[in-house]
4 protein chains.
Amino acid sequence: MPVLEISIIPVGTDQASFSSYLTQAQDIFERRGLSYQVTPMSTMVEGKFDDLMSVASEVHQLPFQAGVNRVITNMTIDERRDKEMNMSSMVEAVKNPK
Amino acid sequence: MPVLEISIIPVGTDQASFSSYLTQAQDIFERRGLSYQVTPMSTMVEGKFDDLMSVASEVHQLPFQAGVNRVITNMTIDERRDKEMNMSSMVEAVKNPK
Amino acid sequence: MPVLEISIIPVGTDQASFSSYLTQAQDIFERRGLSYQVTPMSTMVEGKFDDLMSVASEVHQLPFQAGVNRVITNMTIDERRDKEMNMSSMVEAVKNPK
Amino acid sequence: MPVLEISIIPVGTDQASFSSYLTQAQDIFERRGLSYQVTPMSTMVEGKFDDLMSVASEVHQLPFQAGVNRVITNMTIDERRDKEMNMSSMVEAVKNPK
């Protein structure tokens with residue numbers, strides 16, 4: 001299953017913190033039953049490609065719903081079809097190489 | 001209208017060039033009537049949010065259709081709701097500030 | 001020569017525009033004699049690897065000098081050693097494939 | 001202290017896996033005494049700005065030393081000067097908001 005990394009940056013708010021949107025994003029992932037991992041600079045989510053694009057759209061809307069005027073959303077999708085891939089195996093391959 | 005920046009990187013092919021997928025991506029943007037701009041490291045496209053996510057999905061599939069096993073796609077969406085924004089005005093604001 | 005793509009996002013300012021930092025960044029590139037290209041969502045610069053890292057550091061500081069408290073800087077460096085690469089040839093390969 | 005997110009993608013190798021470079025990158029971070037965290041899609045490192053740019057340069061070279069012809073390196077630096085920031089507090093703010 002592909003993995004999505006997503007980060008959203010609200011621009012033009014007078015606060016330098018924006019973790020509250022990421023807290024809300026977790027609710028979206030949990031409601032949809034998607035495995036996710038919060039990292040210091042982004043959130044990573046595992047799922048079918050279409051589901052990942054769909055939650056990315058939903059997460060991008062969060063700051064607008066709170067009245068923010070500009071949002072910059074970065075997304076990376078890593079998809080591999082020759083072998084199984086998931087978030088745990090990706091970390092394991094780096095930490096404990098065969 | 002929001003602007004999407006997209007780049008796709010096929011991994012595990014024995015060629016260090018992959019511009020052919022970007023050439024195909026142009027056909028997708030033109031067929032859909034979306035304004036786009038090819039830059040040295042990405043393609044930028046202007047359109048409604050849902051249309052941008054939809055073409056991003058289509059572009060991500062291109063290397064798989066050619067037999068590539070792994071694709072890493074980077075996307076950034078910049079959306080602003082307090083004033084008009086388009087690709088030309090974004091470049092103009094940098095080059096000829098008021 | 002490698003190519004750098006850089007974008008800087010000031011966070012926690014009450015303005016949704018931040019093109020003025022990119023205008024200043026152009027002065028840095030010109031002073032150093034580096035070829036660059038302003039795109040709607042970033043600036044791309046061509047140069048030796050160490051020079052690119054050095055200008056990236058300088059550009060990252062610009063919003064702090066103006067009093068901004070938080071800056072998120074995205075950089076991508078694409079470097080190829082098997083053949084000549086420059087910003088023009090990268091666009092040309094997409095638009096007019098052989 | 002600022003946080004760096006870095007990912008390196010070797011292009012034009014015939015293998016779809018490239019975790020070995022990230023394993024080597026860990027050695028670089030440890031030798032320099034920098035805190036780091038391996039995530040499914042990147043590595044995040046905490047340190048002084050100049051140290052982060054310096055290790056990023058070193059990590060970018062790893063695939064070339066192994067004979068790869070093209071490397072695309074993505075880096076994001078998040079720096080905040082109005083309050084303490086580190087990798088743990090960034091995750092904590094999302095998971096357990098006040």
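Two strands pair if DSSP finds at least two bridges between them; helices (H or I, at least four residues) and strands (E, at least two) are DSSP runs, numbered from the N terminus. The model is predicted, with local features needing pLDDT of at least 70 and side-chain atom pairs counting only at pLDDT 80 or more, while totals for chains, interfaces and linings use all residues. Residues are numbered from 1 along each chain as its sequence is written, and chains are lettered from A and ligands numbered from 1 in the order in which they are written.

**View 1. Chain A and its elements.**
Chain A has 3 helices and 4 strands, and along the sequence they follow the pattern β-α-β-β-α-β-α. Its C-alpha trace spans about 50 × 25 × 20 Å along the principal axes. Of the 98 residues of chain A, 52% count as buried (20 or more other C-beta atoms within 10 Å of the residue's own; exposed means 12 or fewer, partly exposed in between, with C-beta atoms placed from the backbone). Among contacts (C-beta atoms, placed from the backbone, within 7 Å) in chain A between residues at least 6 apart in sequence, 69% join residues at least 24 apart.

**View 2. The open sheet built from strands of chains A and B.**
The sheet has 8 strands, ordered S2(A)-S3(A)-S1(A)-S4(A)-S4(B)-S1(B)-S3(B)-S2(B), and the pairing is antiparallel. At the edges stand strand S2 (35-39) of chain A and strand S2 (35-39) of chain B; each has a single partner strand, so one side of each is left without a neighbour in the sheet. From one strand to the next the twist averages 20° (angles run from 0 to 180 degrees between N-to-C directions, and axes are lines fitted to C-alpha atoms, for helices over the stretch in contact).

**View 3. Pairing of strand S4 of chain A with strand S4 of chain B.**
Residues 70-80 of chain A and residues 70-80 of chain B form these two strands, which pair in the antiparallel sense over 11 bridges. A:Met75 stands opposite B:Met75, and A:Thr76 stands opposite B:Asn74. Within chain A, strand S1 (residues 3-11) runs antiparallel to S4(A) and is joined to it by 9 bridges. One residue of S4(A), A:Asn74, is the bridge partner of A:Ser7.

**View 4. The two faces of S4(A).**
How many of the residues of S4(A) are buried? The count is 11 of its 11 residues, and the strand is mostly covered. On one side the buried residues are A:Arg70, A:Ile72, A:Asn74, A:Thr76, A:Asp78 and A:Arg80.

**View 5. Helix H3 of chain B and its cover from chain C.**
In helix H3 (residues 87-95) of chain B, B:Met90, B:Val91 and B:Val94 are buried. They cover an arc of only 90° around the axis, which puts them on the same side of H3(B) (the arc is that of the directions from the helix axis to the C-beta atoms). On the other side of H3(B), B:Ser88 and B:Ser89 are exposed. Helix H1 (19-31) and strand S2 (35-39) of chain C are included in what covers the buried residues of H3(B).

**View 6. Helix H3 of chain C and its cover from chain B.**
C:Met90, C:Val91 and C:Val94 are the buried residues of helix H3 (residues 87-95) of chain C. Their arc around the axis is only 95°, which puts them on the same side of H3(C). C:Ser88 and C:Ser89, on the other side of H3(C), are exposed. The cover of the buried residues of H3(C) includes helix H1 (19-31) and S2 of chain B.

**View 7. Packing of helices H1 and H2 of chain C.**
H1(C) packs against helix H2 (residues 49-65) of chain C at an angle of about 150°, with the axes 10 Å apart. H1(C) contributes C:Tyr21, C:Gln24, C:Ala25, C:Ile28 and C:Phe29 to the contact, and H2(C) contributes C:Val55, C:Glu58, C:Val59, C:Leu62 and C:Pro63. By class, this contact has 8 nonpolar, 1 polar and 1 charged residues (Ala, Val, Leu, Ile, Met, Phe, Trp, Tyr, Cys and Pro count as nonpolar, Asp, Glu, Lys and Arg as charged, the others, Gly among them, as polar).

24 residues of chain D are in contact with 24 residues of chain A. On the side of chain D that touches chain A, at least two residues each come from strand S1 (3-11), helix H1 (19-31), strand S2 (35-38), strand S4 (70-80) and helix H3 (87-95) of chain D. H3(D) supplies the largest share of that side, 6 residues. The side of chain D that touches chain A divides by class into 13 nonpolar, 6 polar and 5 charged residues. Between chains B and D, 10 residues of chain B are in contact with 10 residues of chain D. Strand S1 (3-11) and S4 of chain B each supply at least two residues of the side of chain B that touches chain D. That side has 4 nonpolar, 4 polar and 2 charged residues.

Methods
Two residues are in contact if their C-beta atoms, placed from the backbone, lie within 7 Å.
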